[in-house]
Structures are given as structure tokens and as C-alpha cells.
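Hi everyone, thanks for making the time. Let me put the model up on the screen, and then we can walk through it together.

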Amino acid sequence: MRYIIVGGSAAAISAVETIRSVDQKSPIDLFSDEATPLFSRVLLPYYIAEELSKALLNFRSPDFFEVNNVTPHLGVRVREISAASKTIQTEDGHAYPFDRILIATGGKAIIPPIPGIDKQGVSTLKTMADAERIYNLSGKKAVVIGAGSVGVEASISLTRRGMKVSLLEQLGHVLPTVFDEEAAIIIRKRIEDLGVEVITGEKALKFTGNGHITGVITDTRELECNLVVVAVGIRPDVELAQKAGAEIGFSGGVKVDSQMMTSLPDIYAAGDVAETYDIARDTGFVNAIWPCAFEQGHIAGLNMGGQKTEYPGSY
């Protein structure tokens, strides 16, 4: 048996550990387009706030791959999965065969079509490269676009770095997909008490600057800044699975059955890329949270290793 894992975060690492619990000898190759392995994405705001060093972002020890007899391919992007020939092609031109493969590509940051978004000093906060980019940028003023969980954390972190931060949300209140307006008022006050300027009900229309960002134009004003963090949401990174012919569910994730297998035999998916049964909604849904990713990776690993196990659903 030859296993391939595409991805390097929660679902992928959970699957590796589970496969090794039932199959100690078969080769496992792990491919991640991130050059930095084994870090927790949810801790990235603490890194840019200079509250945690890079070493403290790791959720597994540096010898994880050696201990689990895994061949890591870090900074290597998988270009294509062939379900027919059971091979993958990487962007550097190499091919690798598999018997069973897990797609754990997670989510990708949404890039809104705002004029000037390609200017220097504009970044998302999803990858270690994003965090390094933000960490190394100097300046006194920042604008964070989007008041979801990532945007709120990023704005607080940059404030702790000594920057004057404006948090811009086009909807009527902060954390709009999580809380109603009454609860959001309480949270907004707490964010403001930490020194963040919170602006709701305004939309970013344009980024200004000659090469490097100097401001954000909204419906009503221009906010001067040296840095913009775009945090308007995450969508499942289904491109690889979709090109392979896997079915995509109505919520945008790769549709999997109760054993975490996609519509393609021996091709599994787990984590933020996967659409699983949602217990509360009684339908398929993408629950892009860390505990679900770990559990789904565990179930996928068991089934890939030959132990048939049902996933009861996310919530």
C-alpha cells in the first residue's frame, strides 16, 4: 500500500498519525505547498503581534515526519491527480503513484476584486508566508478589511505591535456570521477598548498608492495606511479535487461519504476542503474548524488504512 497526503495542516497530520496506528510500514508521502510545516494557522495573529515565536506555533515536534516514517515534500505544489492512473503530478514535473490519497488542501483566502489590491503592503493572513509578510512590514497605520474572526484577531495583533488600526466591515456589525447585533455590540466595545477603530456599514472601494499602499477609499472616506490585511473569508480549495473529477457539494466543498471518500474510489478528502454531513443542518456542509478537521482526518486515516469507520457528522 502506498499513501499520499496532499496538505500539511490539521486533517493531514491527523490522518498520518492514524494511518501509522494501523499500518506501520507502508510508505507515506506528504506534499504541502507551504515550506514551513506543522504550524497552527490559528496562532498566526499571535506571531504578528510578537507574542509567540515561530517555534511556538508548531503543534507537533520538528521530528514528526522522521518518527512517523513520512517522506515530506515541503514547498511542493501538486498540480494534478489522475484517478485513472492513480498518480499525482507536481509542479516541478515529477510523478508519484498512490494506492490511496487524501486531499487535505484546506481553504484559500478570498481575494475581493477591489482596484489596487495587488499593491505592495496588501496581504491576506492564511499562510506562514502571509504572516511573515505582515510581520516584516513597517508602518504606523493599518486597515483590516473584514471583521470576522481572522480580521478581529489581526486588528488586535497589529494594535499590540503599536500600529493605529482601523477595522473595516461592510456589514452592520462585527463578527456578522457568528453573532447577532446585540452580542456584537458588546464585542465591538471590547475591541475598541483594546485600541482598534471599528468601522461598520462601509465598503472598501479602492486601494490607493503608487506601487505601495497608502490608503483605502470607502463609501464615505479615505483611510490612510501603510498596510492592509484582507480578511473577507475563506473558501474550500477544491481546485485539485475538481480537476480530478471529484463531485463538489452545494456548499462548495468536496463531497465525501461517511467514510470520507470522495466520489472517486480511493481518493479521500478531509478538513476545510471537505463537505461532510452536518448534524444540526441535516445536510452536507463545510465546517471549517480545527476540531472537525482533526476528527475527519482521523476517520479518513482509519479507512485509508483498511479499518472501515463511519464519520457521524460535523456540527
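Let's begin with a helix: how many residues does α5 have, and how far does α5 reach from its first C-alpha to its last? Helix α5, residues 149-160, has 12 residues and reaches 17 Å, close to the 16 Å expected at 1.5 Å a residue. That expected span is 1.5 Å times one less than the number of residues. Helices here are DSSP runs of H or I with at least four residues, strands are E runs of at least two, and both are numbered from the N terminus.

A quick word on the source: this is a predicted model, where local features need pLDDT of at least 70 and side-chain atom pairs count only at pLDDT 80 or more, while totals for chains, interfaces and linings use all residues. Residues are numbered from 1 along each chain as its sequence is written, and side-chain values use heavy atoms, with hydrogens and water left out.

Back to α5. Its buried residues include Gly 151, Val 152, Ile 156 and Leu 158; buried means under 20% relative accessible area, exposed over 50%, and partly exposed in between, with a 1.4 Å probe and protein chains only. Those buried residues pack against α2, α4, β10, β11, α6 and β16. Just after α5, Gly 162 takes a positive phi of about 100°.

The largest nonpolar core has 51 residues, and Ile 5, Leu 30, Ile 81, Ile 88, Ile 101, Leu 102 and Met 260 touch the most other members. Such a core is a set of buried Ala, Val, Leu, Ile, Met, Phe, Trp, Tyr and Cys residues joined through side-chain atoms within 4.5 Å. Helix α1, residues 10-22, gives the most to this core, with 7 residues.

Next, a sheet. Three strands form an open sheet in the order β13-β14-β15, with antiparallel pairing; strands pair if DSSP finds at least two bridges between them. The edge strands, pairing on one side only, are β13 and β15. Between β13 and β14 there are 4 bridges, and Phe 207 stands opposite Val 216 in β14.

Last, the cysteines: how many disulfides does the structure hold? The answer is 0, a disulfide being a pair of cysteine sulfur atoms within 2.5 Å. Cys 225 counts as buried because its relative accessibility is 4%, and Cys 292 is buried too, at 6%.

Conventions: Contact = heavy atoms within 4.5 Å.
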